[in-house]
Amino acid sequence: MSSSAISPDARPAPAPDAGSGRNDLAGRGARIELTGLSRRYGDFAAVDDISLVVEPGEFMTLLGPSGSGKTTTLNIIAGFVSPTAGSLKVDGAAIESTPAHKRDMGVVFQHYALFPHLTVAENIAYPLKRRGIGKARRAELIRAALDTVHLGEYGHRYPRELSGGQQQRVAVARAIVYGPRVLLMDEPLGALDKKLRDWLQLEIKRIHAELGTTFVYVTHDQEEALVLSDRIAVFNHGRIEQVGAASELYERPATLFVAKFLGESTVLRGEATRTGDGSAVGVCARAIHTPGRIEGSRAAIVVRPERLAVRPRDHRPEPGWNALPATVTGEIYLGSSRKLELALPDGSPALVREQAGMLSDTREGDEVTLTWRAGDSVLLPDDPDVEAVFT
Amino acid sequence: MVLDQLSGDVSGAARPAADAPSPARTASDAGGRRPALLILPALIALAAFFLYPLALVAWNAFTDPTPGLGNFVWFFSEPANLATLGRTFTTALWVTAVSLLLSYPYAYAMTVAGPRVRGLLMMLVLLPFWTSLMVRTFAWVILLQDTGVINQLLGAVGLGPFSLIRTQTGVIIGMVQLLMPFMVLPLYAVMSGIDGRLLPAARSLGARPATAFVTVYMPLSLPGVSAGCLTVFISALGFYITPALLGSPTDALISQQIFTQVNGLLKWGRGGAMGVVLLGLTLVMIALLAVSLRRAGRRVSR
Amino acid sequence: MRTFSWGRALMWALCALVGAWLVVPVLVVIPLSFTGKPSLKFPPDSWSTRWYANFFGDTAWMSALWTSLQVALLVTVVATALGTAAALGLTRARVRGLGAAQGTMLAPMIVPGVVLAIGTYSVFLKLQLVGSLAGFVMAHTVLALPFVVIPITASLRGFDRRLESAAASLGAGGWTTFRTVTLPLVAPGVASGALFAFVTSFDEVVVSLFIQSPYLQTLPVKMYASVTRETDPTIAAAASMIIVLTTTLVFAATFFVARRSRVK
Ligand SMILES: Nc1ncnc2c1ncn2[C@@H]1O[C@H](COP(=O)(O)OP(=O)(O)OP(=O)(O)O)[C@@H](O)[C@H]1O
Ligand SMILES: [Mg+2]
């Protein structure tokens, strides 16, 4: 995501009013409110009783594995799919019965859906004509939209004469040109290669900042979600597991699924019992302490790899720290950091990340002690289904 | 009657074989002259039994009974001939228009139907496509009788009886059914290639469903429309069997007149001149539509 | 989107009507052929198989059927052979005038039947081919050629020429390579070409009307004469048999081709 990530087709345009951050198409974003929304196909619930509020001007990402109901949710908001239960409000007004063409939302489709029989300019003019906007004003708006996506010179071309990244930007221009209150994007970068994707993520972020429109963005790429979003809603089996800012989801996952879907972690399973200041979980015949408390006794403790430290086998943990014996099974050197793969006495895996400059001198095969602060152990109810998703 | 099974695209589309794309050429056909010899036998057959007969038609038109333009002068100066020509044209236009009107929603339905229904709809098109033209025309002779099934059905709901056989209406009804597969197949081929996400896209941009259909779907389906219309129109221009059996002898079309001139009156020159006019018209139509098709294709092809 | 709409209901209703209108007229012929009365009144009020007996007992119908089958089979052989060779040439030759050759090959599809018919008639009068088996075969062959060339050309274009190089490197000569590698792989194209050739010839009426003689008629010509002159239900029996024959043939071929392409 540095300047080296700029793709060859990214003509660095003379950003017209760089710095000021103002854009001719800027407007106010709408507040979207989903309450108890479901969509069933026969017995199968593609979207199952979800509730979500997207604040005006917010960048909300719907993140989840394939088939988890992200597209269906987006299509319900756009008006292409009608919900079988629940309500949908935009700026306080219920819009379930408003047809798609009257919702005034911009939609960017995964494969762009540019009209092949129209030029770039005609594609962008399309929503303006539907709104009866006069010719002169149309020309102005088209220019502004093309400038926003840095495609000023491409108005007369047909979509097939553009590269994938350029087509994607035309799709964005077409969706923002009429100043919609909401912009919905369904994996808009899914068909592009990695470099182009990295660069266009920054472009999308910039456009969001310039316009102030509410963005709802669908992806199954967690890194993309982290780069772009104000908040992320994690989908699984048609339900929302957790909504929150990236740091919140990472540091305080609400479910084992969220913990495993976002970032790497070590999962320790066992029976939980309550203690005075939290819980203790029996793992490999040792008590692991955590400040958390849960209902039921089947528990999983999640620890992020950078929270774990490797010490010699005879190391004695300080008060308030947990410790487990482990064997180093592999090491991966990553430049700025190093990852150690370990095996616990019961055979389950653990993962440690050490920053460069703070590397221990452990090697593969070493017998060591893993330690971490009790406060870094996130206690969650165990969920046996989760393994199936990730293996 | 091969003419009635016209259009390369159509037979290609109807043919059930799977064609892998991307011809992989190697450098092995050095020179490539020898393979050309393989074309010769077919070309000789075509020269003897296709090109030579057509040349003879033209030759007769200009030389029989006396050399000159006499036959063409006769053709264009007889009001009856011009009326025949006009009738042939209007019949072909009607057949094309009605076919298009019925085929467009039918082909569209094929693209939105599930696989089973689509298979059924396709079968319903292919069955008549493969059935002998003579058999189908005979069926229409039965159906269109003054006391035939159609008039019985209409009678049952208190309409008619209409005279259908030996009228232009009867001819059009029969020809539409006979030629509809040639409209449906190219339409379906083009429509099934239209990206299904474009219509929701248009709606998200503020187009009402009908507007979205007219401004996005219809322009993209135009190549299929012109291919289908061309095929049906020029087939209809040259139709003989169906108008001969379903139409009225006094309202004959140009094919029937040619038949009468040559077979009945032995006027080879006059029949030839009419043949030249008919063939010329056909070629002009093809040229016109080919140009417009190419223009449409340039805009739409990705 | 999933809500009920009048437009959609109308579309499906129209489809059902159009679908019925496409096939019902063809199917009407079959019950008619079992009528008990010597009239073409539909629906029949009594039933019999006498018109089939009549068909098979009548020498005129039988010889027309025999002629049609003979001609169609010969046309299938001749047109498929000529068409396969031509398709090979068209896809592999690198000479000038290939476009013109291809145009000529496809032209019989667009020339109005009557125009070609009177031309063929005058040629046949000169060559004394009127009413001859050879005449029918040649006239139908040129009409069938486009329908043979199109599918075979398509198959050949999708054919990986490196397979032939591979066969050659394994010791196969030119003809052996064609017979053991090329032909089996383009067989679906050749099969549909052959099917088209058979059906084209078996259905042809207009040219046949001119080049027939009282002694040599094809089945469609006999049917044409029968429609114009008599109201004898034997023609319905003939038509029913043609329907059954072509339908069976097409389904068998579709099945064959589908299986072949799955193997591929
Ligand atoms: N029209 C439909 N009929 C039946 N099932 C459907 C329909 N549309 C979606 N589904 C099902 O609903 C579930 C959710 O689909 P959806 O497209 O919302 O997933 P997604 O999260 O967008 O997945 P992806 O990342 O693969 O795009 C899937 O299991 C899908 O099969
Ligand atoms: Mg999706």
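**Briefing: the interfaces of chain B and the annotated spans of chain C**

The area buried between chain B and chain A is about 2100 Å², of which carbon and sulfur atoms give 62%; buried area is the accessible area (1.4 Å probe) that two parts lose on being put together, summed over both. Chain B and chain C bury about 8700 Å² between them, with 80% of it on carbon and sulfur atoms. This is a predicted model, in which local features need pLDDT of at least 70 and side-chain atom pairs count only at pLDDT 80 or more, while totals for chains, interfaces and linings use all residues. Residues are numbered from 1 along each chain as its sequence is written, chains are lettered from A and ligands numbered from 1 in the order in which they are written, and side-chain values use heavy atoms, with hydrogens and water left out.

**Chain B with chain A**

- In this interface, 23 residues of chain B are in contact (heavy atoms within 4.5 Å) with 23 residues of chain A.
- The count between the two chains is 0 salt bridges, a salt bridge being a side-chain nitrogen of Lys or Arg within 4 Å of a carboxyl oxygen of Asp or Glu.
- The rule finds 5 residue pairs in polar contact between chain B and chain A, both residues being at pLDDT 80 or more; a polar contact is a pair of N or O atoms within 3.5 Å, where within protein one must be able to donate a hydrogen and the other to accept it, and residues adjacent in sequence count only if both atoms are side-chain atoms.
- On the side of chain B that touches chain A, α10 (198–204), α11 (209–237) and α14 (268–300) each supply at least two residues, and α11(B) gives the most, with 7 residues. Helices are DSSP runs (H or I, at least four residues), numbered from the N terminus.
- By class, this side of chain B has 12 nonpolar, 5 polar and 6 charged residues. Ala, Val, Leu, Ile, Met, Phe, Trp, Tyr, Cys and Pro count as nonpolar, Asp, Glu, Lys and Arg as charged, and the others, Gly among them, as polar.

**Chain B with chain C**

- Here 99 residues of chain B are in contact with 101 residues of chain C.
- Across this interface the rule finds 0 salt bridges and 2 residue pairs in polar contact, both at pLDDT 80 or more.
- Helix α3 (residues 40–63) of chain B gives the most to the side of chain B that touches chain C, with 14 residues.
- The residues of that side divide into 70 nonpolar, 22 polar and 7 charged.
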